[in-house]
Amino acid sequence: MFTQALLFLLSITPLSSQAPLTKRAFSNGPVITSNFPDPAFINVGGIYYAFATSNGDQNVQIATSPDFDTWTLTGSDALPTIPSWSTGKVWAPDVVQLADGSFVLYFAAASSTNTSLHCVGTATSSAVQGPYTASDTAFACPLTQGGAIDPAGFADSDGSLYVVYKVDGNSLGGGGPCGNGDGSYSTPIMLQGVEADGVTPVGTAAQILDRDAGDGPLVEAPSLVLVSGTYYLFFSSNCYNGLEYDTSYATAAAVGGPYVKASSPLLVSGGDGGALNSPGSATVGLGGAQMVFHSDAVAGNASLRQMWTAGIKVSGGVVGFS
Ligand SMILES: *[C@@H]1O[C@H](CO)[C@@H](O)[C@H](O)[C@H]1NC(C)=O
Ligand SMILES: *[C@@H]1O[C@H](CO)[C@@H](O)[C@H](O)[C@H]1NC(C)=O
């Protein structure tokens, strides 16, 4: 009798103690506790793959997850060989899958013409984890405007492909936060159409956003998604190494804009019950339901930027958390 009763209790206990199913990882703290800045992610065959800025050991870091919550660093390098136009310092990668099943890695890396400025490059692979082979031609390299960083791919509903990136105007160095304290440099977010190969430009790049007084020295880190006919352009404002760094978004009815900025940021320092420090450089996945971003482990110290995940809800031009 006793054994039967115990077995019965054991069998019902998991049901009665189940956590609410709506809870996502947002309040669970960082999911990668080592330095994993400027994260992006893709889901391939039910597995999540995240990619991040160089940690010194790998040019492009990789982590994998079966469920978006539990992540494991692979320790391998998605881009073991940098292209001849670059000297390294690989930042802010993003990966997309093409219709033929192959993959494109977008990244920023220091220009060999001027190593203090970055350009955007492309690399391709038949496998999501690479190794990716970089093109020997930079994709976007406007050195006189400060170079280009923070590329991200986007596929429109009609199948047209685009790359968004930031013209890194503040790197021209005017002083103050991120070299643009007086706001004298433009830091436009650009939209560049590409062919079905994901890498060959179609026409010229168009500006779809820029900084204004409310953004401090810059806007950067664009990530574009389409949900129910509205384009959501996520971006960060302010300098990454200050507490004002944040995650915001702008919306438009057409891919080329005009984009209207939301009235207040989505993620700010002190958010999530005080846990977030300079939360930015977000990437939003297909469908606008999942987001990765980085937050500093210690307030005001950007040398350890940890990856967080959030379930988000994108509807009617407004972004919230699920
Ligand atoms: C590289 O670019 C920076 C920013 O414009 C400039 O100050 C510096 O002189 C440049 N260096 C070279 C070697 O051209
Ligand atoms: C910032 O954090 C790193 C460790 O991530 C530490 O080595 C460094 O001393 C910290 N800097 C300051 C100014 O506290």
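A99 is exposed, with a relative accessible area of 93%. Exposed here means over 50% relative accessible area, buried means under 20%, and partly exposed is in between (1.4 Å probe, protein chains only). The model is predicted: local features need pLDDT of at least 70, side-chain atom pairs count only at pLDDT 80 or more, and totals for chains, interfaces and linings use all residues. Residues are numbered from 1 along each chain as its sequence is written, chains are lettered from A and ligands numbered from 1 in the order in which they are written, and side-chain values use heavy atoms, with hydrogens and water left out.

Stay with A99 for a moment. A99 sits in the loop between strand 5 and strand 6. Its C-alpha atom is 28 Å from that of S84, and the two residues are 15 apart along the chain. D100 lies in the loop between strand 5 and strand 6 as well. D100 counts as exposed at 62% relative accessibility.

How far apart in space are D100 and G214? They are separated by 42 Å, C-alpha to C-alpha, and by 114 residues in sequence. G214 belongs to the loop between strand 12 (201-209) and strand 13 (219-227). With 64% relative accessibility, G214 also counts as exposed. From G214 to L143 the C-alpha distance is 26 Å, for 71 residues in sequence.

Now the whole chain. The protein has two helices and 20 strands. These are DSSP runs, numbered from the N terminus: helices are H or I with at least four residues, strands are E with at least two. The C-alpha trace spans about 80 × 40 × 40 Å along its principal axes. The radius of gyration is 20 Å, which agrees with the value near 20 Å for a compact globule of 322 residues. That radius is taken over C-alpha atoms, and the globule rule is 2.2 Å times the number of residues to the power 0.38.

Of the 322 residues, 52% count as buried. The protein exposes about 13600 Å², and carbon and sulfur atoms supply 55% of that area. Accessible areas come from the Shrake-Rupley method with a 1.4 Å probe; for residues, only the protein chains shown count as cover. Take contacts between residues at least 6 apart in sequence: 48% of them join residues at least 24 apart. Contact means heavy atoms within 4.5 Å.

Charge comes next. The protein has 8 positive and 23 negative side chains. Lys and Arg count as positive and Asp and Glu as negative, while His and the chain ends are not counted. The centres of the two sets lie 8 Å apart. Each charge is placed at NZ of Lys, CZ of Arg, CG of Asp or CD of Glu.

Which residues touch the most other members of the largest nonpolar core? They are F51, L79, F107, V128 and Y132, in a core of 20 residues. Strand 1 (40-44), strand 2 (47-52), strand 5 (86-97), strand 6 (103-111) and strand 7 (118-125) each supply at least two residues of this core. Strand 6 gives the most, with four residues. A nonpolar core is a set of buried Ala, Val, Leu, Ile, Met, Phe, Trp, Tyr and Cys residues joined through side-chain atoms within 4.5 Å.

Y132 is worth a look. Leaving aside neighbours within four places in sequence, Y132 is in contact with several residues, among them L79, V95, F103, L105 and A123. A cis peptide bond joins G130 and P131, with omega about 5°. P131 is in the loop between strand 7 and strand 8 (133-134). A cis bond also runs from G257 to P258, with omega near 5°. P258 is in the loop between strand 15 (248-252) and strand 16 (260-261).

Most residues other than glycine have a negative phi, and most peptide bonds are trans. D38 has a positive phi, near 55°. D38 is in the loop between helix 1 (2-16) and strand 1. D38 is buried, at 12% relative accessible area. D150 has a positive phi of about 60°. D150 is in strand 9 (148-155) and is buried, at 8%.

Finish with Q61, in strand 3 (61-65). Is Q61 buried or exposed? Q61 counts as buried, at 2% relative accessibility. Beyond four places in sequence, its contacts include N35, F36, P37, F51 and L73.
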